[in-house]
Amino acid sequence: MMHQEDDLRGKEGYFIAAALFAGVVALGFAVMAGFGHALDVELFGKLALRKNLSPDWAIAAARWASWIGDGERRTLITIGLALWFVWERRFKAALIIAVVPTLGVVVSSALKEAFARPRPHLSPHLDGVYDFAFPSGHSAFGGVFLFAALLLPGKNPRLRIALALIAAGCIGFSRPMLGVHWPSDVIGGWLMGLSIAIASVTLVRNWEGSK
């Protein structure tokens, strides 16, 4: 695992973030060209829940997990984390976490429009949708949890990272479960969230470590 004081400093974190973002773009071109579509369909069929066929508790759980990644909750979570960093007098971290999620939404929306991938149509949608599919913005929001896990003070950073990954995983998996995203959309969102988190943490640590 990462050592909080030594890793993601200098330029290495930016290179890693850039490589991950390049992976998002490459995956977008691949799925639009039809690569892996059969696997996408197969995985979607195994994950998608169906009203009156799937257990009500499973649908409720998926909706709850997806609800956490909705726009209003994203705003509340990022504001709460920014205030926490202000309380800790880490004003640079507070500024970054206040700004970066908004930039992430802008970039995600731009990629959605660029790839214009239709939403899955193999199962009735159990959540509302209003834009294109790739990448999943809900899944990308998981990067905010990782950002916080790497920078919040306290013991057991590995536990914080594990909890952040679990939260990101639950939000991501909820999207194909609700029938509104292909699995590859979620993977693209996770990669994007990880890219944003690593770039942001690197920026904060370099900024805080500068004289």
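Predicted model: local features only at pLDDT ≥ 70, side-chain atom pairs only at ≥ 80, totals over all residues.

Q: Pockets, then. What volume does the largest pocket have?
A: The space in the largest pocket comes to about 690 Å³.

Q: How many residues line the largest pocket, and which lie nearest its centre?
A: The lining has 36 residues, and G71, R74, P101, V105 and G137 are nearest the centre.

Q: Which elements give two or more residues to that lining?
A: Those are α4 (71-87), α5 (91-115), α6 (137-140), α7 and α9 (183-209). Helix α5 gives the most, with ten residues.

Q: OK, what about the second largest pocket, what's its volume?
A: That one is about 190 Å³. Its lining is made up of F21, V100, L103, G104, V107, M192, S195, I196, A199 and S200.

Q: Which elements give two or more residues there?
A: For the second largest pocket, α5 and α9 do. Here α9 gives the most, with five residues.

Q: Switching topic: at what angle do α7 and α8 pack?
A: Helix α7 (residues 142-151) and helix α8 (residues 157-177) pack at about 175°, and their axes are 8 Å apart. Anything over 145 degrees counts as roughly antiparallel, so α7 and α8 are roughly antiparallel to each other.

Q: Which residues make that contact?
A: On the α7 side you have G142, F145, L146, A149 and L150, and on the α8 side R160, I161, A164, A167, A168 and I171. By class, the contact of α7 with α8 has nine nonpolar residues, one polar and one charged.

Q: How many aromatic pairs does the whole structure have?
A: A search of the whole structure turns up six. One of them is F115 with F134, whose ring centres are 5.5 Å apart.

Q: Is that pair stacked or edge-to-face?
A: Edge-to-face, because the ring planes of F115 and F134 are at 90°. F115 is in helix α5 while F134 is in the loop between α5 and α6, so the pair ties together parts 19 residues apart in sequence.

Q: What joins F134 to P135?
A: A cis peptide bond, with omega at about -5°. P135 is also placed in the loop between α5 and α6. For context, most peptide bonds are trans.

Q: Last one: what's the phi of N52, and where is that residue?
A: Phi of N52 is near 75°, a positive value in a residue other than glycine. You'll find N52 in the loop between α2 (37-47) and α3 (56-68). Most residues other than glycine have a negative phi.

Conventions:
Residues numbered from 1 in each chain as written. Heavy atoms only, no water. Axes fitted to C-alpha atoms, helices over the stretch in contact; angles between N-to-C directions. Helix = DSSP H or I, 4+ residues; strand = E, 2+ residues; numbered from the N terminus. Parallel < 35°, antiparallel > 145°, perpendicular 65-115°, else oblique. Contact = heavy atoms within 4.5 Å. Nonpolar A, V, L, I, M, F, W, Y, C, P; charged D, E, K, R; others polar. 1 Å grid on protein atoms, 1.4 Å probe; cavity = no way out; pocket = protein on both sides within 12 Å on 5 of 7 lines; lining within 4 Å. Points joined across faces, edges and corners; volume = space filled by probe spheres on them. Phe/Tyr/Trp six-rings, centres within 6.5 Å; stacked < 30°, edge-to-face > 60°.
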